[in-house]
Amino acid sequence: MGEARQVDVVVLGLGVGGEEVAGRLAAAGLNVVGVENNLVGGECPYWGCIPTKIMVRAGSALAEARRIPGLAGAATVEPDWAPVAKRIRDEATDDWNDKVAVDRFTGKGGHFVRGTGVITGPGRVRVGDQEYTASRGVVVATGTAAVIPPIDGLAGTPYWTNRDAVEAATLPGSLLILGGGAIGTEFAQVFARFGVQVTIIEGSDRILAMEEPESSAVAATVLAADGVTLKLGVHASAVAHSAEGFAVTLTDGSTVTGEKLLVATGRKARLAEIGLNPAERFLTTDERMRAGDKLWAVGDVTGNGAFTHMAMYEADIAVRDILEQGGPGADYRARPRVTFIDPEIGAVGLTEKQARDAGLDVRVGHVPLSATSRGFIHGPGNEGFIKVIADNAKGVLVGATTAGPAGGEMIGALSVAVHAAVPIETLRSTIWAYPTFHRGIGSAIEALA
């Protein structure tokens, strides 16, 4: 092992958050080493946000074409996965090549190292035979990996994770999905709309169990309409694989079969790989994203929300702290999130149950999207609702959900309201454009009870 190289900062993991931190610090003149053992850019551009939303867009186009009868005439739809796979491969991921991203980082003055970094002490990292000593510290941005549950027979089979599903050049005839969260439901709807027979196996009594019950109900309705079979309140107890595909035995004694099996049962940080406590699922940080002596962490590895926008938010805080620029610390009261099924389900802040469990004086406003003028105009595909959660004692919103054709866009206004603690009376007197989907926010505010 050679002499330790002296640098200012080492960034472990160059996903969205890590690349942002490393690039900005390098551009600010610091001597920055960025370490990545896979693709610079991380999960989002190669297997997450970007390619999956290309898939969602394609599936939504098929669904819209099928809604033409009764609205605008007649249509015949012939699904073809080939252009979707080609767009993901050629346009979105450069065939899973990160040269552009690497050049982007080094162009800012950073030093790129391909490998896995192991933290050996405060401000010290080893990558292969090279040791680095970082005078300011180390930033951990190593993301998460799919959690593979210890189901009898699962290990060693060719099951899919989200990465395999995104990289698929052709689609199977049938697909079993373990997990009914955002990842599982998005893949389920997309593949079903392309003709795949899909079954979701979810241990909870509803899909999207972390969201409002109304969100789960809407999602279950639209997925069923797309032909997805839901197995709720059961777990997989055993998995078998053969030339015919997968057979999954459920805890109710039944068995379901499919050509492919997608495991979408959560994510976990890979702390053992970088020399940190393997017993921890995530790395705990303070409001300045500090995780220890000369140690910061940003992005999925912190467990504060596995979303690109959260990684960018935390990256900004860490950069400002390292550069001693001050500014606001982390405030997670208004974390927005969107499940990109059709209808999109946007949410921010607390659910009704979370607000009640916190002991708040809760008031709830709810309006079905179909009851709004824009929902009526939209017609087929107008499933959804707007729900707002208020802290009556403070007179502000603490949470909201917007489900509908523009659910991910509507949540923006409510994210601002929750984050800025806009008084409900101010929201009540707001002029909402007509006829828009977001005008339903005003109706939900009026419905607070």
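Salt bridges in a predicted model

Author: Arg24 and Glu20 sit four residues apart in helix 1 (residues 16-27), which means that about one helical turn separates them. Helices here are DSSP runs of H or I with at least four residues, and strands are runs of E with at least two, numbered from the N terminus. This is a predicted model, where local features need pLDDT of at least 70, side-chain atom pairs count only at pLDDT 80 or more, and totals for chains, interfaces and linings use all residues. Residues are numbered from 1 along each chain as its sequence is written, and side-chain values use heavy atoms, with hydrogens and water left out.

Reader: What is a salt bridge, and how many does a search of the whole structure find?

Author: Side chains of opposite charge can pair when their charged atoms come close. The criterion is a side-chain nitrogen of Lys or Arg within 4 Å of a carboxyl oxygen of Asp or Glu. The search finds 27. Among them is Arg24 with Glu20, whose closest N and O atoms are 3.5 Å apart.

Reader: Is Arg193 buried or exposed, and which side chain does Arg193 meet in a salt bridge?

Author: Buried means under 20% relative accessible area, exposed over 50%, and partly exposed in between (1.4 Å probe, protein chains only). Arg193 is buried at 4%. Its partner is Asp226, at 3.2 Å from N to O. Arg193 belongs to helix 7 (residues 182-193) and Asp226 to the loop between helix 8 (213-225) and strand 10 (229-232), so the pair ties together parts 33 residues apart in sequence.

Reader: Which residues do salt bridges with shared partners join into one network?

Author: Glu64, Arg67, Arg193, Asp226 and Asp342.
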